[in-house]
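Please examine the structure displayed here.

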Amino acid sequence: MCPFCQRKRKRDFNLKDLLQHASGVGTSNSDKRSTDEKAKHLALSKYLENDLIAEGGPSKPAAEDEPPVDCDHDEKLVWPWIGVVANIPTTRAKDGRFVGESGSKLRDEYKRRGYNPTRVIPLWNFRGHSGNAVVEFKKDWPGYANAMAFERAHEADRHGKKDWFADGDHKSGLYAWVARSDDYKANNIVGEHLRKIGDLKSISEIMEEDARKQDSLVSNLTSIIEVKNKDLEEMELKCNETTNAIKNVITEKDKLIQTYNEDIKKIQVSAQDHFKRIFNDHQKLKLQLESQKKELESRIEQMEKRAVDNESESRKLAEELEKNSVKNSSLQLAAAEQVKANDKLLKLAEDQKREKEELHKKIIKLEKDLDTKQALELQIEQLRGNVNVVRSMGDDGDAEVLEKVDKMLKGLSEKENELEDLEALNQTLIVKERKSNDELQEARKELINGLKEIDMSSKAQLGIKRMGELDSKPFQEAMRRKYKYNVEEAEDKATELCCLWEEYLKQPEWHPFKVVEGIGKAKEIIDEDDERLKRLKNELGYTEGGSCLYSEDIETKETAIGYGLKGLNKAS
């Protein structure tokens, strides 16, 4: 009960309603309340806010979230819960329209009083601010409680709905109430707005709707719970399977760990044994090294003793080295002379080879001339026989025969002149050949003497080996047998074949020999399977009594060719 309202009708308030009543009267703009009364109510609201609420907290109904019990459940209210505010002060603007306070200011004021509105909407029409506003509260039961407290506070202050519609007194301050069926159906700006934003519902209808929603929610939750329970059963089944699998894996893991530990122990034991063996071997090596160290120390002592003895010998060696240096200088000079002599020898050898080739060609020509001479002598003898025959026949006095004899005699004289010319040419060539041979022999003697002098002066290990060339006679004999009726062609073929095999001899990659094991040592013999030698034997024939082409060195390629041409006396 409010202590400052004795003259008015008595009403019982709980602490929250009393706080809202004191706050509403203290901040009221109504002229019906004196300033002293407003001040007392404002002080009461401050006291309730600061002292009583701080000590014990606000007196809140036990079941605020539940629907109210002491109310008319069949009364139609506008839902969501709407409050109507009337007599909001307005002023006329310059343009003739009315303006008033904003809804946010009223909302903040009502929140400060504890009504907790969601928003306050001023109602406007074509004339501007209508002086009315609607207050929206939350849709739940606490919102309903706030709306009822909002209405009771204004009724206690005699600014409720009945006071607003009462006739007579001058209206001042704000009048407010909760919107009901008559407000919803009113043909004014408030009714139009209420019909737009809400519906008429009773408490029982709202409770039934909440019950239906709750039942629907419960059924949905029940179905969800059933699905969840099935999922839970499946998860439990999977969990059990996973648990069993994990147990099996853990068992296998334990077995593997046990096997691993056993293997590690075996490895450690083997490693220890190996380490012991290595340690024992190390000890043995250490003893051996110590013994070798002692031996080396004894050898070092012996070497030091020998070093003292070798000092005198080193002096002697130094003297000998000095002497040898003098000898080495002389040997270097001798080596330089030997190089020069070698160059001269090479040059002489090339000249000798070139002269031999020229002589070989001259010999071939002389042989041809000799054959020509023999043919001419044979023709001369035939002519002489013919002349004698004709002379014997000429005794009969045949003139024709005498003419033939004269012709034969002329031809004979011509042949004799040709023969004399050939003999003169042959003698000239023989003289030149002998002269060339003499010069070659002298050059050969000088060459050998020079080499001997170099060998004696330089004391170098210089060997002399006689070099030869292919013998052309076996080639000529083979070609004469092959070309019996053409001597010139046989000579030409023999010369070509000889030159060809001389070119073969110059090839370093051709080696017609093979090594066989002899008595006590290996021996190099001619390779009978060599393709070139086999082709030479097949083309020119083979007998047992042939001569070697080069008889001075049995291990040369020329010997191999001689082996191929050996015994060419037999016709192929």
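The sections below describe a predicted model.

## Nonpolar cores

The largest nonpolar core comprises 23 residues, and those with the most contacts inside it are Trp81, Val85, Tyr110, Val135, Phe137, Tyr144 and Phe150. At least two residues of this core are supplied by each of strand 1 (76-79), helix 3 (103-113), strand 6 (128-136), helix 4 (141-156), strand 7 (175-178) and helix 8. Helix 4 gives the largest share, six residues. Another core, of 16 residues, lies apart from this one, and its members include Ala478, Met479, Trp501 and Leu505.

With neighbours within four places in sequence left aside, Trp81 is in contact with Val135, Glu136, Phe137, Lys138, Lys139, Asp140, Trp141, Gly143, Tyr144, Ala147, Ile203 and Ile206.

## Strand pairing around strand 6

Strand 6 is mostly covered, with eight of its nine residues buried. Strand 5 (residues 119-125) runs antiparallel to strand 6 and is joined to it by six bridges. A hairpin through two residues connects strand 5 to strand 6, and Asn125 stands opposite Gly128 of strand 6.

Strand 2 (residues 82-86) is also antiparallel to strand 6, with four bridges between them. Strand 2 is likewise joined to strand 7 by four bridges, again in an antiparallel arrangement. Gly83 takes part in both pairings: its bridge partner in strand 6 is Val135, and in strand 7 Gly83 stands opposite Val178. In strand 7, Tyr175 and Trp177 point one way while Ala176 and Val178 point the other way, and all of them are buried.

## Salt bridges

Side chains of opposite charge can pair when their charged atoms come close. In the whole structure, 13 salt bridges are found. One of them joins Glu205 to Lys76, with the closest N and O atoms 2.9 Å apart. Because Glu205 lies in helix 8 and Lys76 in strand 1, this pair ties together parts that are 129 residues apart in sequence. Glu205 is partly exposed, at 32% relative accessibility, and Lys76 is partly exposed as well, at 33%.

Glu151 and Arg180 form a further salt bridge, their closest N and O atoms being 2.5 Å apart. This pair also links distant parts of the chain, since Glu151 belongs to helix 4 and Arg180 to the loop between strand 7 and helix 6 (181-185), 29 residues apart. Glu151 is buried, with a relative accessible area of 6%, and Arg180 counts as buried at 16% relative accessibility. Salt bridges with shared partners join Glu75, Glu151 and Arg180 into one network. Asp108 and Arg107 also meet in a salt bridge, at 3.5 Å from N to O. Asp108 is partly exposed, with a relative accessible area of 42%, and Arg107 is partly exposed at 25%.

## Met207 in helix 8

Met207 is located in helix 8 (residues 203-394). Its relative accessibility is 29%, so Met207 counts as partly exposed. The C-alpha atoms of Met207 and His73 are separated by 9.2 Å, although the two residues are 134 residues apart along the chain.

## Helix 11 and its buried face

Helix 11 (residues 487-505) contains 19 residues and reaches 27 Å from its first C-alpha to its last, close to the 27 Å expected at 1.5 Å a residue. Its buried residues are Ala490, Glu491, Ala494, Leu497, Cys498, Trp501, Tyr504 and Leu505. Seen down the axis of helix 11, these buried residues fall within an arc of 145 degrees, so they line one face of the helix.

The spacing follows a general rule: an α-helix has 3.6 residues a turn, so residues three or four places apart point the same way. On the other side of helix 11, Glu488 and Glu496 are exposed.

Terms used:
Residues numbered from 1 in each chain as written. Predicted model: local features only at pLDDT ≥ 70, side-chain atom pairs only at ≥ 80, totals over all residues. Heavy atoms only, no water. Buried < 20%, exposed > 50% of the residue type's maximum accessible area, 1.4 Å probe, protein only. Core = buried A, V, L, I, M, F, W, Y, C linked by side-chain atoms within 4.5 Å. Contact = heavy atoms within 4.5 Å. Salt bridge = Lys/Arg side-chain N within 4 Å of Asp/Glu carboxyl O. Pairing = 2+ DSSP bridges. Expected span 1.5 Å × (residues − 1). Arc of directions from axis to C-beta.
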